[in-house]
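Please look at the sequence and the structure below before reading on.

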Amino acid sequence: MEDLKHKIEAAFADPTLCGQALYREAVEEAVAALDAGRLRVAEPVAASGSEAGAAVVADAAMGGTGHGWRVNEWAKKAVLLYFRIREMQTMEVPPMEFYDKIPLKEHFAAQGVRVVPHGIARYGAYLASGVVMMPSYVNIGAYVDSGTLVDTWATVGSCAQIGKRVHLSGGVGIGGVLEPVMASPVIVEDDCFIGSRAIIVEGVHVEAEAVIGANVCLTQSTKIIDVSGAEPVEYRGRVPARSVVIPGTVTKRFPAGEYGVACALIIGKRKASTDKKTTLNDVLRDFQVAV
């Protein structure tokens with residue numbers, strides 16, 4: 001990938017190079033690699049790996065899972081360049097018609113992916129074997145791993161990274177990111193359950209086996225408060241592994257008075273006895289919370 005990366009970096013620095021076949025082909029090759037899962041906008045780096053570096057150290061220092069994620073900025077640059085080199089075209093899926101630069105993803109049967117009408121994935125998004133898309137949407141650059149369900153009207157934004165056996169419930173909004181290129185994408189790790197109408201944006205990182213309750217909204221500025229112990233513990237931009245999270249409010253003083261501001265509350269940890277495929281209601285019932 002190093003030669004490909006070099007060409008993408010050069011073309012991004014000087015977009016006029018996209019007029020040359022060599023660089024246009026590099027952009028096409030990079031997006032094809034994203035589509036096939038050979039290239040990812042972000043990828044996990046094991047703590048024992050030689051390439052772990054500062055990302056792993058930072059994650060461990062935050063009490064994380066002991067591994068980090070490396071963002072491949074040049075892959076996002078390839079997506080941005082792909083928009084530049086593509087021409088608008090009419091795409092017909094009778095009786096519907098689309099007019100766009102990015103083609104639709106194809107050959108789902110060969111990839112082992114089930115797509116229910118009107119599920120739509122753009123070319124350049126990777127869907128692993130065993131993924132099920134209800135009427136939903138997956139944008140270019142996203143990575144959705146095996147066994148994941150993208151439920152009705154859920155959206156997976158550009159470059160978002162979704163792990164194995166994740167359930168994105170109805171109406172879930174997973175934010176996308178292309179610019180600035182150094183911004184981290186949303187990451188949802190393996191075996192997470194994201195409740196209906198939950199919103200996760202701005203590069204928030206949800207660690208493995210977490211349960212996010214219905215209507216929880218997570219941004220980089222959202223306070224994520226663990227209230228399961230004697231004293232509250234606050235997080236920003238990261239949900240620790242196996243956390244059970246529900247919507248909450250915190251009081252904030254404004255010039256006009258004190259008002260409740262939305263936050264997210266960690267009310268406990270998923271129990272080892274709880275099956276990973278359990279429903280959200282079953283998990284919340286363990287903590288006697290109705291959402």
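The side chains of Asp-145 and Lys-164 come together in a salt bridge, with a distance of 3.1 Å from N to O. Asp-145 belongs to the loop between β10 (143–144) and β11 (149–150), while Lys-164 belongs to the loop between β13 (161–162) and β14 (167–168), so the pair ties together parts that are 19 residues apart in sequence. This is a predicted model, and the distances given here should be read with that in mind.

Asp-145 has a relative accessibility of 11% and counts as buried, because buried means under 20%. Lys-164, at 30% relative accessibility, counts as partly exposed, because that value falls between the limits of 20% and 50%.

## A second pair from the β13–β14 loop

Arg-165 forms a salt bridge with Asp-191, and their closest N and O atoms are 2.7 Å apart. Since Arg-165 lies in the loop between β13 and β14, and Asp-191 in the loop between β16 (187–188) and β17 (193–194), this pair ties together parts that are 26 residues apart in sequence.

Here too, accessibility can be given for each partner. Arg-165 is partly exposed, with a relative accessible area of 41%, whereas Asp-191, at 5% relative accessibility, counts as buried.

## Asp-100 and its surroundings

Asp-100 is placed in strand β4, and its side chain meets that of Arg-122 in a salt bridge of 2.7 Å, N to O. The pair links distant parts of the chain, for Asp-100 is in strand β4 (residues 96–100) and Arg-122 is in the loop between β6 (120–121) and β7 (126–127), 22 residues apart. Both Asp-100 and Arg-122 are buried.

Which residues does Asp-100 contact, leaving aside its neighbours within four places in sequence? Asp-100 is in contact with Glu-87, Met-88, Gln-89, Met-91 and Arg-122. For Gln-89, the C-alpha atom is 5.6 Å from that of Asp-100, although the two residues are 11 residues apart in sequence. In the structure as a whole, the count of salt bridges comes to 11.

A disulfide is a covalent bond between the sulfur atoms of two cysteines. How many disulfides does the structure hold? The structure holds 0 disulfides. Among the cysteines, Cys-192 counts as buried at 2% relative accessibility, and Cys-263 is buried as well, with a relative accessible area of 4%.

## Two helices that cross

Two packed helices are described by the angle between their axes and the distance between the axes. The axes of helix α1 (residues 2–13) and helix α2 (residues 21–36) come within 9 Å and cross at roughly 115°, and the crossing of α1 and α2 is left-handed. On the α1 side, Leu-4, Lys-7, Ile-8, Ala-10 and Ala-11 take part, and these meet Leu-22, Tyr-23, Ala-26, Val-27, Glu-29 and Ala-30 in α2. Sorted by class, the contact of α1 with α2 has 9 nonpolar, no polar and 2 charged residues.

Helix α1 also contains His-6. Is His-6 buried or exposed? At 56% relative accessibility, His-6 counts as exposed, because exposed means over 50%. The C-alpha atoms of His-6 and Trp-74 are separated by 8.8 Å, while the two residues are 68 residues apart along the chain.

Notes
Residues numbered from 1 in each chain as written. Predicted model: local features only at pLDDT ≥ 70, side-chain atom pairs only at ≥ 80, totals over all residues. Heavy atoms only, no water. Disulfide = S-S within 2.5 Å. Buried < 20%, exposed > 50% of the residue type's maximum accessible area, 1.4 Å probe, protein only. Salt bridge = Lys/Arg side-chain N within 4 Å of Asp/Glu carboxyl O. Helix = DSSP H or I, 4+ residues; strand = E, 2+ residues; numbered from the N terminus. Axes fitted to C-alpha atoms, helices over the stretch in contact; angles between N-to-C directions. Left-handed = near helix turned anticlockwise from the far one by under 90°. Contact = heavy atoms within 4.5 Å. Nonpolar A, V, L, I, M, F, W, Y, C, P; charged D, E, K, R; others polar.
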